[in-house]
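Biologist: I'd like to go through this one with you. Can we take it topic by topic?

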Amino acid sequence: MPGNHAQRSRTRAKDTTPPRTGADEKATLRGFLDYLRNAVADKVAGVPEPQVRTGGVPSGTNLLGLLKHLAFVERFYFLGEDVGDWRATMRPSAEDTIDGVLADYRKTVERANQVIDACPDLALPAPRPPRPGPAPSMRWVLVHMIEETGRHAGHADILREQIDGSTGR
């Protein structure tokens with residue numbers, strides 16, 4: 001559990017403003033998603049072991065687990081890869097490293113962005129593993145991923161502040 005945060009030096013990152021993306025719907029949605037993706041990755045970067053994988057709340061949620069989970073969610077919705085155990089995606093293994101999870105996340109985002117960029121119409125279905133019923137539209141997936149990533153970016157903000165007092169984006 002985190003120590004007394006009053007004894008740690010507080011650092012404040014320069015807040016970045018939301019992206020200016022223009023009028024195109026796809027560019028706007030992807031711009032905001034990329035903004036949130038970068039915010040989460042930046043919260044993980046530079047956090048030492050074992051704090052990066054130490055739960056900061058009773059559920060055990062930790063920074064490395066959040067980033068690992070988001071990579072699985074990206075692969076599920078944009079790349080059509082199935083996930084057998086969603087709970088397990090939040091738990092980094094002993095073999096997972098900060099650099100490895102960050103690199104996997106960034107590579108996954110790059111692949112996901114290729115799928116987004118190739119989609120000619122956001123009303124078309126997004127890739128996904130075989131499931132009953134129709135696949136959600138790319139528009140729905142983009143909005144959902146903004147919500148999912150934003151939610152976890154907020155978790156990452158709190159966890160990082162508990163670890164070393166840093167705030168900001």
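Biologist: How do the residues lining the largest pocket divide into nonpolar, polar and charged?

Modeller: The lining has 2 nonpolar, 5 polar and 2 charged residues. Ala, Val, Leu, Ile, Met, Phe, Trp, Tyr, Cys and Pro count as nonpolar, Asp, Glu, Lys and Arg as charged, and the others, Gly among them, as polar. This is a predicted model: local features need pLDDT of at least 70 and side-chain atom pairs pLDDT 80 or more, while totals for chains, interfaces and linings use all residues. Residues are numbered from 1 along each chain as its sequence is written, and side-chain values use heavy atoms, with hydrogens and water left out.

Biologist: Which residues line the largest pocket?

Modeller: The lining consists of S59, G60, T61, N62, G65, L66, R87, M90 and R91. A pocket here is an open set of points on a 1 Å grid over the protein atoms alone, where a 1.4 Å probe fits, with protein on both sides within 12 Å along at least five of seven lines; lining residues have an atom within 4 Å of a point.

Biologist: How much space is in the largest pocket?

Modeller: About 180 Å³, where a volume is the space filled by probe spheres set on the grid points, joined across faces, edges and corners.

Biologist: Switching topic: how many aromatic pairs are there in the whole structure?

Modeller: The search finds 3. Rings of Phe, Tyr and Trp (its six-membered ring) pair if their centres lie within 6.5 Å; planes under 30 degrees apart are stacked, over 60 edge-to-face, the rest tilted. F76 and Y77 are an edge-to-face pair, because their ring centres are 4.8 Å apart and their planes at 90°.

Biologist: And what about Y77 and W140?

Modeller: That pair is tilted, at 6.0 Å centre to centre and 55° between the planes. Y77 is in helix α2 (residues 63-79) and W140 in helix α4 (residues 138-164), so the pair ties together parts 63 residues apart in sequence. Helices (H or I, at least four residues) are DSSP runs, numbered from the N terminus.

Biologist: Is Y77 buried or exposed?

Modeller: Y77 is buried, at 16% relative accessibility. W140 is partly exposed at 44%. Buried means under 20% relative accessible area, exposed over 50%, partly exposed in between (1.4 Å probe, protein chains only).

Biologist: Which residues form the aromatic cluster?

Modeller: F76, Y77, W86 and W140 form one cluster.

Biologist: Last one: how many helices and strands does the chain have?

Modeller: The chain has 4 helices and 0 strands.

Methods. Helix = DSSP H or I, 4+ residues; strand = E, 2+ residues; numbered from the N terminus.
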